[in-house]
Each structure stands twice: as structure tokens, then as C-alpha cells.
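Work through the exercises below with the sequence and the model open beside you. Each task is followed by a solution in steps.

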Amino acid sequence: MAHSIHRVAVIGSGTMGGALAAHFANAGIPVYLLDIVPNKLTPDEEKKNLTLDHPAVRNRIVNAGLQAVIKSKPAALFTPQTVERITVGNLKDHFDWVREADWILEAIVENLAIKRQLMARIDAVRKPDSIVTTNTSGIPIAEIAANCSDSFKAHFLGTHFFNPPRYLKLLEVIPSPLTSPEVLEFVKEFGETVLGKGVVICRDRPNFIANRLGTYAGILGLRYTFAHGFTVNEVDDITGPTIGHPKTASFRLLDLVGIDIMLHVADNLYQAVPEDEAREDLKPPEFVREMVKRGWLGNKSGQGFYKQVKTDKGKEFHVLDLNTLEYKPPEKTAFDSALNAEMYETLPERLRFLVSQDDRAAKFIWDTIARYLAYASNRVPEIADDIVSVDNAMKWGFANEAGPFETWDLLGVAETVERMEKDGLTVAAWVKEMLATGHASFYNDGAYYDLATKAYQLLPKPKNVIVLKDQKVIQSNDSASLIDLGDGVACLEFHTKMNTLDEGIVEIAAAAMEEVDKNFVGMVVGNQGEHFGAGANVMMVGLAANDGKWDEIDRIAKALQDFTMAMRYSQKPIVTAPFGFALGGGCEVMMAGSRVVAHAESYIGQVEVAMGLVPAGGGCKELLRRIVAPAMQTPNADPLPFLQRVFELIGMGKVATSAEEARQMGFLGPADRVVMHRDQLIAEAKRTVLTMVAEGYRPPVRGKVVYAAGERMLAVLRVAVYSMVQARYISEYDAKVGEKIAYILCGGNLTSPTWVPEQYFLDLEREAFISLCGEEKTRERIWHFLSTGKPLRN
């Protein structure tokens with residue numbers, strides 16, 4: 001039977017339940033969010049003479065949960081309006097709503113008896129084909145549904161989302177022995193395509209994959225730090241990007257997660273795995289219990305392993321001394337191994353170098369990684385059928401660059417096994433058998449070592465995913481490539497640092513436009529780096545400005561304008577595929593396409609003002625065309641509200657925090673699409689190109705398509721700028737930049753409103769851009785940003 005999800009019911013409105021409701025709402029699915037009815041009035045309710053029967057009282061718990069979702073930072077919802085897809089109720093008055101749900105998610109207290117009672121109620125009212133899942137991480141899945149009907153058991157499984165589910169990719173799916181294979185496959189595919197998750201199938205073991213290994217690694221790091229006299233910041237300095245982990249490293253991650261949460265998970269795991277050979281290593285150090293006792297829970301309590309304090313120099317973070325439990329200023333660290341590792345660009349090179357060194361930092365890294373790898377080997381096949389699931393879980397759950405078995409391959413399996421055994425570590429027998437039978441690595445040429453067959457098996461190909469590095473390259477340089485995606489669709493891929501726009505990209509782009517016009521039906525502009533595009537190469541502009549090369553700056557800006565205009569008026573459809581940062585010039589390129597297919601987590605905006613500049617690749621023009629021009633098609637319409645909107649977007653450097661918010665701001669249009677799974681972005685963009693071709697795509701007609709409001713509106717915007725200066729909201733130099741923006745947006749000193757061609761505004765953009773490059777304060781802002789990564793307000 002084919003399943004479809006039109007409505008979801010989430011039972012439990014706590015941190016996890018509320019976040020799950022938000023994420024399903026983000027995916028466009030209506031949600032019922034239900035929780036228990038209070039059994040006692042609050043003092044405030046008593047003052048209002050309310051009773052336990054009052055609707056506000058009966059929904060108090062679920063309403064509080066929803067308010068926590070609305071106020072959460074970072075935002076759980078794509079836009080404030082997304083919350084309208086969530087309907088709240090309670091488990092007494094509104095339980096019949098469960099009948100309507102196609103997917104029922106349970107996220108209540110971790111108590112087997114209570115969960116079983118709830119499942120019996122659900123079993124009595126659910127639709128026969130509805131799917132029921134639990135978000136438990138500590139109770140065996142089969143036990144929760146043990147007393148339910150056969151139909152219920154066939155449609156029941158575990159779905160362990162990592163929190164916050166909007167931002168963390170991992171979804172662990174845990175079937176019971178009675179779960180229908182069809183239901184399991186549907187949940188996996190739905191989780192990937194609709195919810196944007198990386199799904200791994202786990203065995204029904206305590207803490208599943210990611211938290212089982214993550215808890216071991218976290219406690220191991222705590223115990224090693226304390227036993228060997230490391231400081232908190234010493235460890236964080238060497239366990240972040242240097243070894244392929246996020247910037248939160250070790251202790252900052254624990255502060256983020258919550259030290260009480262970590263302790264609770266570790267204690268539960270310790271009790272649940274009496275047979276684990278490393279069980280005693282799962283016991284947290286006593287200082288962790290003392291921290292929780294004192295309420296030092298991390299970021300949520302204002303102090304944990306780090307604490308922000310006010311000093312004569314301003315605010316700074318002090319670190320916890322694990323011996324005295326006193327906070328102290330961090331001491332500078334200088335490990336030779338870590339400093340020298342920075343010479344190596346790739347993770348394999350850095351890791352191999354680090355484990356070959358002999359200072360304290362190198363010993364920390366080897367000892368903790370070696371124990372982690374040995375532990376991971378002994379958990380397969382206990383927690384997963386294959387090593388691929390284990391690696392993916394650790395990458396997607398903790399944003400690690402490589403999973404444990406991938407890391408092992410990077411270090412060399414045979415040599416590290418020998419070293420590990422000399423250190424007294426126990427490596428799983430299957431790893432030694434793998435080596436003995438001539439399999440030198442866990443992965444080999446698109447295949448992985450399979451424990452069941454004791455041979456290499458091809459890695460499963462994910463559905464609807466195009467990997468750009470596996471496609472045919474038509475033309476390339478150091479900055480960009482033109483790639484053949486098949487079916488007559490090309491892809492213009494950027495691969496500079498942060499995918500900033502430079503002359504190499506413009507060069508390949510020009511060749512791409514010509515090649516596509518001759519030999520392809522359309523093109524995708526996208527890449528699979530960290531970000532779509534973080535703007536223009538500001539260093540190139542800054543150097544030219546320092547040397548007074550105004551013609552060179554004009555040429556750079558004109559080249560970007562020509563590129564975006566060539567995209568806009570291409571005879572073939574061009575679909576841009578933003579994700580991550582699409583800022584400044586990246587935003588201008590995105591808007592130049594015939595259509596946008598954006599990843600949901602796209603952060604889009606024109607941020608040039610932070611460096612004392614204005615958009616000069618068509619950004620001002622394009623926002624006027626998208627926001628002001630449609631409004632002015634109505635006779636006697638007032639342009640001011642729409643001009644103000646564009647002025648604020650550019651002048652305040654506003655950045656959308658999701659693709660849907662970008663649509664509200666005007667960066668995306670009604671016909672543009674949002675894709676939840678980033679890995680599917682290029683494939684979906686290609687599909688959109690082919691759809692546009694099949695529908696008979698025609699480029700827009702050139703003409704006077706942008707509205708220039710003229711000097712009257714310019715005067716109004718100038719007053720607004722003056723008022724902001726007087727209120728000390730902006731600096732005098734901010735005002736100068738604001739005046740330039742206002743001048744562009746109003747079309748200069750036109751005595752009356754008129755419609756003009758796009759090139760008119762492009763010329764105004766370049767003129768203002770060059771003028772501001774001539775200002776010393778702009779150059780100060782440029783070089784300050786390049787050296788610190790932060791804006792300067794001068």
C-alpha cells in the first residue's frame with residue numbers, strides 16, 4: 001500500500017516535540033501538537049479565578065510548548081507565519097484528532113508504562129494505514145508496542161531525530177522485528193526527500209548509533225582531559241576543525257548540548273549496557289556531577305565549561321579549572337604539532353601528521369582517536385548492520401568531516417591496528433580478519449567492506465542525487481567549471497574559497513553562456529561546496545582601490561553586470577541553486593537566473609553596506625524590478641512603501657534566515673522552489689530546467705521594465721537617512737553610503753517618475769560603487785573585514 005502524509009500528530013510538546021512539530025510545519029505539513037491537561041492551577045490562574053475546566057488552563061502546557069518554539073534561538077520555524085500550520089490541543093479534549101493523522105509521533109517522557117498506555121489509546125483510534133513512531137532513545141522499540149495490535153506493530157518504529165531537527169541532518173530510524181519493510185522504506189524516503197534528513201537504519205540497541213559512539217567519545221575526552229592535566233581551552237583548540245570536527249570542538253559542544261543532558265544520557269547508557277566491554281569508560285567524572293548539582297549546565301544557564309565575564313577589556317570568556325572548579329582567563333596554547341598541522345590543507349594530511357608527532361597535543365589526539373576507533377569496531381554489528389550507517393550517523397549527527405571507519409582509512413588501517421594493539425587496545429576480530437583476507441581498507445573504489453559477506457559491496461546510490469565531481473567536465477579553471485549533467489543540461493560550478501566571485505568565474509561563465517546557447521537546452525548554476533557564494537572577491541576590489549585604479553574597478557563591476565544580464569536574457573533557461581550563504585554578488589547571481597531552486601537553509605542578502613559599498617552587480621536594479629515595479633503597475637500606486645522595503649533590505653544589509661523568509665523579502669519569487677534535502681539540490685534544479693524546456697521557455701523581453709521614482713522619493717529617503725543619524729542609529733559615514741543607495745534606488749535626480757531600462761540602474765550602481773571605493777573609510781572597512789571577518793562601523 002502506498003503511503004502519503006497529509007497531516008501529522010505530535011504528542012508531547014516539550015523541547016523535542018515542539019521542535020518536531022515546527023520542522024514538519026517547515027516542510028509544509030499541517031500538524032496537531034498535543035500534550036497532557038494540567039492537574040493543578042498556577043498562582044496566576046488562581047488570581048484570575050480560572051478553573052481546571054477553563055480552555056486556557058487545559059491547553060496551558062501545550063501552549064507553553066508552542067511559545068517556546070516561537071521564541072527559540074536559533075529559530076525552529078522558517079518564518080514566523082509557519083506556526084500557523086500548527087494546531088494545539090490536549091490529550092483529553094482533542095484526542096480524536098489522532099484519527100486524522102497519517103503519521104503520529106510520540107515524544108513524551110521516557111517511561112515505558114506511560115508510553116504503553118499512550119500507544120494503547122492510539123491503537124484504538126488510528127487509521128489502519130497510519131504510521132506511528134516514537135522518539136525514544138533508551139527504551140527498546142519492540143517493548144513499547146508489545147501490547148498493541150498486529151496492524152499497529154507493522155506500522156510502528158523508532159524515529160530518533162537529532163535536536164534541533166531543523167538544523168541537524170541525522171534521522172536514525174529503528175524498526176522492530178515486526179515493522180513492515182514497506183513502512184520502513186517509506187519513512188526512510190519521506191525523511192530524506194520531504195524532511196531533508198540523512199537517514200540511517202539502526203539496530204534496536206541503547207542510544208542507537210550516534211549517541212552510543214558520541215557518548216563514549218565525549219566521556220573519554222572528559223576523563224582524558226582531567227587525568228592528563230589539560231585545560232578546557234587546550235583541548236578545544238586541538239579538537240575542532242584541525243581534526244575534522246566543528247568549531248564547537250569538545251567542551252563548547254557540551255556547553256551547547258547541555259551538561260545535564262549529557263550526564264543523563266551517559267547515566268542511562270551505563271545502566272543499559274552491562275555487557276559493554278568498555279562500560280566503565282562510560283561513567284562521567286565526578287566533577288561533571290558537581291557541575292550539574294551547582295546548576296552549571298552550559299549555555300542555557302550562562303555557565304558551564306565556559307563563562308562569559310565582564311572585565312576592564314570588555315566581555316570575555318573564562319574557562320573552568322577542572323581541579324578547583326573555578327573560572328580563570330584562558331591561557332594561550334602553543335602545541336608544535338597543532339601549529340605545524342595547519343600547513344596541511346586536507347584532513348588526511350593533518351591527521352596523519354598529528355598522530356606521528358610526540359608532544360602532549362599529538363598524544364591526546366592519538367590516544368582518544370585510537371580508543372574511539374577500537375570502540376566503534378566493537379559496536380558493529382551490534383548497533384548497525386554496516387559501517388556505512390555508522391560513518392553517516394557520526395557525520396550527520398555531529399557534523400564530523402569523516403566517520404570512524406573513514407577516519408581509520410585516512411590513517412591507514414594495518415599500521416594503526418598494530419599500534420593500537422601495542423597500546424593494549426582491543427580491536428574487533430572482524431577488522432583483523434578483513435586485513436588478513438587482503439582487504440586493506442574499509443572503503444575501496446566506491447565500495448565498502450561488508451561484514452556479512454566478508455567482501456566489498458558497492459556503496460548504495462542515493463536517490464535523486466547528482467554528485468558534481470563524478471560528472472563530465474567540459475571546461476575548467478582554478479575558479480569554476482562547466483559540467484555536463486546529462487540530458488542536455490549543463491552546470492556552472494564555482495569552486496573558489498567560499499565561492500567568492502572572481503575573474504576566473506567570470507571567464508568560465510562567459511564561455512558557459514556561449515556553450516549552452518549552442519549545445520545545451522539549459523543550465524544550472526550551483527555547486528557542492530560549503531556555500532553557494534559569499535560575494536565578490538573584495539580583496540581584488542580593495543587592492544585596486546588602494547592603487548586608485550578606478551577603471552579597473554569599473555571593469556570588474558561591469559563584468560559581473562554583464563554576466564548577470566547574460567543569465568537573465570539567456571535564450572535557454574538558467575536555474576540557480578543557492579544554499580548556505582548567497583550574499584552580495586552571490587545573491588545577485590542567484591537572482592539573475594530564470595528560476596531559483598533553493599535549499600531550505602539558504603541565507604540570502606545584499607550585505608555590501610557592511611564594507612561601505614553598494615550592490616553593483618545588479619542587486620539594486622533587481623530588487624527594484626522584483627518589489628517596486630510590480631506594485632507600480634497599479635495606477636496611482638504610492639511607491640514609497642515598496643522603495644522603503646528595498647532601501648531597508650540593502651541599507652541595513654538584511655539577510656534572510658531561510659529560503660522561505662527570502663521569498664517573503666523578495667529575493668525569491670512565487671514560482672521559485674524550496675528543496676529540503678541539500679544533497680538533492682542539483683538534481684532538482686536540473687529537473688526544473690527540463691520542465692521549463694518542456695513548457696516552452698522563452699526569455700523575458702527587454703524594455704523599460706524598472707520604475708524610477710525620481711527626486712521626490714529621493715528627498716523622502718534622504719530625510720529618513722538624516723533622522724537615523726540624528727537618532728545615532730547610524731554613523732555619519734553610514735549616512736553617506738545610505739545617500740548613495742537612495743540615489744540609485746530613486747533613479748538619481750529625475751524630476752518626475754518614469755520607467756527605464758535595466759541598464760540605467762546598472763550604470764548608477766557602478767557609478768556609486770566606484771565613488772565609494774574612493775573613500776578612505778570604505779577602504780578601512782574593506783581591509784578590516786578581510787583581516788577580522790567582522791564589519792567595522794566608522
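**Exercise 1: Cysteines**

C491 has a relative accessible area of 0% and is therefore buried. The model in which this is seen is a predicted one.

Task: Find how many disulfides the whole structure holds, and state how far the nearest cysteine sulfur is from C491.

Solution. Step 1: a search of the whole structure gives 0 disulfides. Step 2: C491 accordingly belongs to no disulfide, and the nearest cysteine sulfur, in C587, is 19 Å away. Step 3: turn to C773, which counts as buried at 1% relative accessibility. Step 4: the closest cysteine sulfur to that of C773 is in C620, at 14 Å, which is too far for a bond because a disulfide needs the two sulfur atoms within 2.5 Å.

**Exercise 2: A helix and a threonine**

Task: Decide whether helix 24 is enclosed by the rest of the structure or open.

Solution. Step 1: helix 24 covers residues 585-592. Step 2: its buried residues are G585, G586, C587, E588, V589, M590, M591 and A592. Step 3: this is 8 of the 8 residues, so helix 24 is largely enclosed by the rest of the structure.

Task: Describe the surroundings of T576, and say which backbone oxygen lies 2.8 Å from a polar atom of its side chain.

Solution. Step 1: T576 sits in strand 18, residues 574-576. Step 2: the relative accessibility of T576 is 0%, and since buried means under 20%, T576 is buried. Step 3: the backbone oxygen in question belongs to M590. M590 is one of the buried residues of helix 24. Step 4: beyond its neighbours within four places in sequence, T576 has contacts that include V589, M590, V525 and F532.

**Exercise 3: An arginine**

Task: Place R625 in the fold and find the side chain with which its own side chain makes a polar contact at 2.4 Å.

Solution. Step 1: R625 is part of helix 25, residues 619-631. Step 2: its relative accessible area is 21%, so R625 is partly exposed. Step 3: the polar contact is with the side chain of E622. Step 4: leaving out neighbours within four places in sequence, R625 is in contact with R568, P630, V705, V706 and E758. Step 5: for N59, 566 residues apart from R625 along the chain, the separation between C-alpha atoms is 46 Å.

**Exercise 4: The whole chain**

Solution. Step 3: its C-alpha atoms fill a box of roughly 80 × 70 × 65 Å along the principal axes. Step 4: 54% of the 794 residues count as buried. Step 5: the protein chain has 32 helices and 24 strands.

Conventions. Residues numbered from 1 in each chain as written. Heavy atoms only, no water. Helix = DSSP H or I, 4+ residues; strand = E, 2+ residues; numbered from the N terminus. Buried < 20%, exposed > 50% of the residue type's maximum accessible area, 1.4 Å probe, protein only. Polar contact = N/O pair within 3.5 Å; in protein donor to acceptor, adjacent residues only side chain to side chain. Contact = heavy atoms within 4.5 Å.
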